[in-house]
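This report covers cavities and salt bridges. The structure comes first, then the details.

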Amino acid sequence: MNLADLQHQFSRALHYQASGEECSIVSDVFSADERMQIYRNNFIISLSEVLQATYPMVQALLGEESFTQVARHHVLNQPLTRGDVTHYGEHFDQSLRQFDAVMQAAPYIAEVARFEWAIDVSQQLFSRNNSVQYSLADLAQIPTEQHANICFHLHPDVVLLTSPFAIYALQQAINHHDEQLSSLDIQQAQQGVCACNESGEVWSLALDKHSYQLLDGFRQQLTLGAIEPQYLSALNKIIELNLLAGFSLPAQLASE
Amino acid sequence: MISTTQHPLIGIGLREPHLDFFLTEPAQLSWLEIHSENYFKPDSIARQQLRKIRQQYQISCHGIGLSLGSVERINRQHLQQLGSLVNEIEPMLVSDHLSWSENGGHYFNDLLPLPYTEEALDVFCRNVLEVQDALKRPMLIENPSSYLKFTHSTITEWDFLAEVQQRTQCRLLLDFNNIHVSAFNHGFTAHQYLQGIPADAVDEIHLAGFTVKQLDKGEIWIDTHSRPVSDEVWQLFQSWVAQHGARHTLIEWDLDIPEPDVLLSEAAKASAIVHSIERNVAREAS
């Protein structure tokens, strides 16, 4: 068997799509497939540990046994596509949705996974090396008549997330071992933001409708003039949260 | 200031739970080894912390994701990220494994075994040379632990590794625990293995613990890096160092990671062995 065929067949065997006997493995005291099973276990456990690190809330809410089952399914169906694991774990919410019993017991669990993935993405995108045209300190120099043309830019790590469940409140209750966990109304929809502080540590916050819509406008790179005026009242709050990297003006205005 | 009880050649694996410890405590060791892939992102918190740690320690970059044994070529993005890390951190050593971990664009986050054939040897050497060309430095190749053999292997692992070294002029990282584990699993002796390895090409040694897995038909030893170094591996280490001299030596612990004191205590054991051998050599020389 040449190396290309062997590695292809071995990869299939790791996914239970071929047996150890089909990979030219020596059978002795242990069968070829028993030996292959050690590698299957290592592969599944190592990537399951990555999922555990990314989804601690999901694991805490599901319990270890159920989490392990879903993680195994995810590892066998969602390949790692890079030689490092820092980006692994996307679409775990979809894996959860395939487990009817899990979704019936905790209908909000896939949303919790979406939330934890947003936290992970924020961390992945963290950077303060941005090249925005103007810093916020330059705002004072922009004439009032040009304000409508200002386009604010978010830090790359700002991730917006809405959910039909109260996932931000749930996180707060879990993190603070809050006694309110039992009285939490999880059925309440929430919207909010995940972002990093200057050191790269992630934080998250539920936002009121105006703040969220304003941020969403910035995410779409709308100018202030193109955003619903009622949302602009939240601008100071967004600036205080340090979510803005700076702003830009259309080229012809910037050169004036 | 380096502790007088620790030998300057002894280091430990830097793992995430210990980043704060090594940032804040006075240095007791001269070097630490990182898993390169965990520090690829230039803006990450981990990379920022590594920059600070680098001010106090020498660093060795140990990779698990190059997939040097894959029939496909080295992933250019991975290599570029490694190169960027190496350029910034200026590690004293850069290493990866005699294994593969990628096929068809899918990675397995594990060190998978190679058939020891002429074809695999050509592929492995091609990939090592490509990495060395890109990094503009020799890399170290570590012997793996393994739990199976292929029917069509025609070369022993130690001969394969020695041939890789000769053809690519790479350096070697000898993991004594891996030799001990594989020797049990495949029925050879550690002595046989070490006889086949060119000692003068060895620049680093790894020491770690293993776990015995009891199956219905017998035992398999698994390289879990979750326990203290076994007595037998300490003996192998002592005997090899007495014969060939000390090398940079690492205490590795990756699962059920204990408090830093436990690792430092294992490092002190390694240090004591090296100090003792060096004292004997000095005594004999005088």
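## Cavities

The structure holds 2 cavities of 30 Å³ or more. This is a predicted model. β4(B) gives the most, with 3 residues. By class, the lining of the largest cavity has 5 nonpolar, 5 polar and 2 charged residues.

The second largest cavity has a volume of about 30 Å³. Among the residues that line it are Phe21(B), Phe22(B), Glu25(B), Tyr57(B) and Leu264(B). This lining divides into 7 nonpolar, 1 polar and 1 charged residues.

## Salt bridges in chain A

Over all chains, the structure holds 18 salt bridges. Arg35(A) pairs with Asp28(A), with the closest N and O atoms 3.0 Å apart. Arg35(A) is buried at 5% relative accessible area. Asp28(A) is partly exposed at 42%.

Asp208(A) forms a salt bridge with Lys237(A), at 3.1 Å between the closest N and O atoms. The two residues are 29 residues apart, and Lys237(A) sits in helix α10 (residues 235–240). Asp208(A) is partly exposed at 36%, and Lys237(A) is partly exposed at 33%. Separately, Asp93(A), Arg97(A), Glu111(A) and Arg114(A) are linked in a network of salt bridges.

## A salt bridge in chain B

Arg15(B) and Asp254(B) meet in a salt bridge, 2.5 Å from N to O. The pair links distant parts of the chain, 239 residues apart. Arg15(B) is buried at 8% relative accessibility, whereas Asp254(B) is partly exposed at 24%.

Terms used
Residues numbered from 1 in each chain as written. Chains lettered and ligands numbered in written order. Predicted model: local features only at pLDDT ≥ 70, side-chain atom pairs only at ≥ 80, totals over all residues. Heavy atoms only, no water. 1 Å grid on protein atoms, 1.4 Å probe; cavity = no way out; pocket = protein on both sides within 12 Å on 5 of 7 lines; lining within 4 Å. Points joined across faces, edges and corners; volume = space filled by probe spheres on them. Helix = DSSP H or I, 4+ residues; strand = E, 2+ residues; numbered from the N terminus. Nonpolar A, V, L, I, M, F, W, Y, C, P; charged D, E, K, R; others polar. Salt bridge = Lys/Arg side-chain N within 4 Å of Asp/Glu carboxyl O. Buried < 20%, exposed > 50% of the residue type's maximum accessible area, 1.4 Å probe, protein only.
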